[in-house]
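Please open the structure in your viewer and keep the sequence beside it.

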Amino acid sequence: MVKHYSISELEAKANEIRKDIIKMLEQAGSGHAAGPLGLADIFTALYFDILKHDPKKPDWDQRDILLLSNGHTVPVRYVAMAHAGYFPKEELKTLRKFGSRLQGHPERTKLPGLENTSGPLGCGLSQAAGMALAMRMDKILHRWVYVVMGDGELDEGNIWEAAMLASKYKLNNVIGIIDRNNIQIDGPTEEVMPLDDLAAKWQAFGWHVLEVDGHNIQEIIDACALARAIVEKPVVIIAHTIPGKGVGFMEYDFRYHGYLLHPEDAKKALHELRTLQGKIRGEHE
Amino acid sequence: MSMSDLHLIKDVLVKDIAKEPIRKGFGRGLLEAAKEDVNVVAACADLTDSTQMSLFKAEFPDRFIEVGVAEQNLVTVGSGMAAMGKIPFVSSYAAFSPGRNWEQIRTTICLNDQPVKIVGSHAGVSVGLDGATHQMLEDIALMRVLPNMVVIAPGDSIEAEKATRALAKDKRPAYLRLAREATPIITTDETPFEIGKAYVYSHGNDITIIATGAMTYQAMVAAMKLYTQGIDAEVIHVPTIKPLDSVTILNSVSRTKAVITVEEGQIAGGLGGAVAELLSEECPKKLKRIGMRDRFGESGEPDELLKHFGLTSKHVILAAHDILK
């Protein structure tokens with residue numbers, strides 16, 4: 001099954017994933033860049049350490065479930081899946097192209113290994129709750145439902161309906177991961193629709209809240225391990241991330257949320273990521 | 001005209017015809033389906049008694065989820081349960097589900113292809129006193145337009161029971177439309193029901209009357225009276241509005257001179273819309289459509305409202321005379 005990777009190997013993997021995200025978005029000619037880059041460490045940690053899964057058997061009935069609620073960040077999932085062996089990396093070039101299994105927003109029925117169809121925001125947590133309830137009815141233990149949500153999508157009321165339900169039924173087999181990158185399409189989240197105090201909100205809804213540096217792979221792995229051990233409540237991990245992480249001129253800039261990547265930008269981004277790759281190697285040598 | 005051999009009741013004109021709310025049949029059907037299949041589960045948005053899910057809840061409390069007044073959550077939780085192999089029936093009033101949560105149904109159920117059964121109770125103006133907010137008229141249109149979605153409006157409680165059991169065995173997403181008021185029972189346990197089939201309830205040669213839901217009773221009454229007035233009407237009951245049984249409809253329409261559709265909902269996008277689309281492509285005929293014409297309901301007694309909005313057998317009779325003039 002899943003090979004054990006060291007933290008430095010995972011960091012290098014995350015960097016490879018970032019490079020492939022840039023390449024595939026350039027090729028596609030459209031798509032969101034900031035979110036996927038910011039989520040690269042989290043998806044690396046999920047696919048190469050945290051999740052119980054088998055890329056050769058995507059419908060394995062013992063697998064953990066990973067739901068992507070903010071479907072527009074799917075490029076990071078596609079790249080992580082390709083690196084994990086779900087499909088050939090060559091196929092990444094087909095993103096958003098006619099006939100591709102890699103739709104602009106993820107469609108479960110097109111690509112084995114996707115667990116939900118998403119894009120319209122705010123639904124993932126409800127689906128996670130439904131899955132967790134079904135597992136409980138079937139007395140299934142030791143399987144978890146992870147659901148990655150954006151912070152902008154927390155504006156959706158549907159999320160909070162689900163938060164109440166998961167808390168009511170004490171769904172300890174649900175682990176929410178919020179990509180707290182503080183941006184959404186119209187600007188900073190705290191200007192568009194303030195979310196803070198975000199941890200206090202989730203606590204008030206009956207959740208156990210963990211906060212991590214979303215670019216510290218060890219912290220992400222440890223938080224998920226802790227979340228699995230907490231049985232009294234559902235757990236949400238607020239992962240503080242930098243949108244566009246790894247590419248200096250994109251970092252923190254909300255304009256890259258859905259920005260078209262020009263070839264010269266892509267070149268600059270790849271150059272930065274290559275330099276970063278050297279740094280990761282250097283740090284661990 | 002002649003009655004079909006579909007084991008309907010002998011006389012629809014009888015004064016003290018037995019009545020029962022259509023939703024009661026759903027409640028019984030769900031319980032039966034749940035006994036037959038352990039994967040049948042249910043969720044409700046704070047209307048467990050009204051939607052008749054209470055029978056299921058009492059028998060299978062561990063398979064019942066109460067989501068509170070949260071219809072968006074209701075259907076998306078259903079999507080999640082279905083993804084794990086369950087067959088979820090999720091219920092509320094039709095005005096709220098599918099009234100409020102259409103996009104969630106579109107993305108997480110239809111496009112995501114999960115066999116969630118959305119049960120909308122209290123559809124139509126016959127909801128009565130509660131008024132326009134609660135009289136759902138647009139649900140057929142909203143659900144019919146969605147790819148992958150099956151749309152069913154049973155004609156009485158016995159058929160609702162059969163439809164519910166059939167839906168539990170079907171792998172597609174579906175919408176089941178139920179009415180609140182006691183509705184005349186015109187079928188029996190022996191009357192056939194299959195998803196996707198329309199049924200000729202009475203045979204005739206002059207005119208085809210196509211009806212769905214509780215309006216089929218009105219159509220049958222109209223056909224009986226029309227016969228005594230020299231008009232030989234064929235009545236087709238269409239419990240499955242989507243996929244529409246175009247073969248049965250076209251077989252009839254190709255023989256008769258004109259067509260009337262009857263429904264308790266908006267004609268636009270409803271049964272009237274569906275039949276008009278079919279006939280204008282395949283077999284253009286003179287057509288009159290009875291239903292709600294681009295307007296809302298209001299408070300009142302159910303019978304009073306049906307009369308006011310032109311949804312009775314009398315209006316079907318008038319339309320038949322008018323169209324054959």
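Begin by selecting the buried residues of α5(A) together with what they pack against. In chain A, the partners are α4 (124-137), β2 (145-150) and α7 (198-204). In chain B, they are β4 (64-66), α3 (71-83) and α4 (102-111). Please bear in mind that the model on the screen is predicted.

Next, select the whole of helix α5, residues 157-168 of chain A. The helix has 12 residues and reaches 17 Å from its first C-alpha to its last, close to the 16 Å expected at 1.5 Å a residue. How many of the 12 residues of α5(A) are buried? Nine are, so α5(A) is largely enclosed by the rest of the structure. To see them, colour Asn158(A), Ile159(A), Trp160(A), Glu161(A), Ala162(A), Ala163(A), Leu165(A), Ala166(A) and Ser167(A). After the helix comes Lys170(A), which has a positive phi, near 50°.

Now select Leu125(A). Leaving aside neighbours within four places in sequence, Leu125(A) is in contact with residues including Ile159(A), Ala162(A) and Ala163(A). Its other contacts include Ser69(A), Val147(A), Met149(A), Val174(A), Trp202(A) and Trp207(A). Leu125(A) and Trp202(A) are the residues with the most contacts inside the largest nonpolar core, which has 75 residues. The largest share of this core, nine residues, comes from α4(A). Apart from this core lies another, of 66 residues, and Leu39(A), Tyr86(A), Leu261(A) and Ala266(A) are among them. As a general background, nonpolar side chains in soluble globular proteins tend to be buried together.

Remain in chain A and select Ala227(A), which lies in helix α8 (residues 217-229). Is Ala227(A) buried or exposed? Ala227(A) has a relative accessible area of 0% and is therefore buried, the limit being under 20%. Beyond its neighbours within four places in sequence, Ala227(A) is in contact with Ile175(A), Leu210(A), Val235(A) and Ile237(A).

The next selection is Glu16(A), in helix α1 (residues 7-28) of chain A. Glu16(A) is partly exposed, with a relative accessible area of 28%. Not counting residues up to four places away in sequence, Glu16(A) touches His83(A) and Gln277(A). Glu16(A) and Leu102(A) are 86 residues apart in sequence and 19 Å apart in space, C-alpha to C-alpha.

Finally, turn to chain B and select helices α1 (residues 22-36) and α6 (residues 157-169). Their axes come within 7 Å and cross at roughly 35°, and the crossing of α1(B) and α6(B) is right-handed. Which residues of α1(B) and α6(B) meet? On the α1(B) side, they are Ile22(B), Gly25(B), Phe26(B), Arg28(B), Gly29(B), Leu30(B), Glu32(B), Ala33(B) and Glu36(B). On the α6(B) side, they are Ser157(B), Ala160(B), Glu161(B), Thr164(B), Arg165(B), Ala168(B) and Lys169(B). The residues of this contact divide into six nonpolar, four polar and six charged.

Of its 13 residues, 10 are buried, so α6(B) is largely enclosed by the rest of the structure. Among them are Ile158(B), Glu159(B), Lys162(B), Ala163(B) and Leu167(B).

Technical notes: Residues numbered from 1 in each chain as written. Chains lettered and ligands numbered in written order. Predicted model: local features only at pLDDT ≥ 70, side-chain atom pairs only at ≥ 80, totals over all residues. Heavy atoms only, no water. Helix = DSSP H or I, 4+ residues; strand = E, 2+ residues; numbered from the N terminus. Expected span 1.5 Å × (residues − 1). Buried < 20%, exposed > 50% of the residue type's maximum accessible area, 1.4 Å probe, protein only. Contact = heavy atoms within 4.5 Å. Core = buried A, V, L, I, M, F, W, Y, C linked by side-chain atoms within 4.5 Å. Axes fitted to C-alpha atoms, helices over the stretch in contact; angles between N-to-C directions. Left-handed = near helix turned anticlockwise from the far one by under 90°. Nonpolar A, V, L, I, M, F, W, Y, C, P; charged D, E, K, R; others polar.
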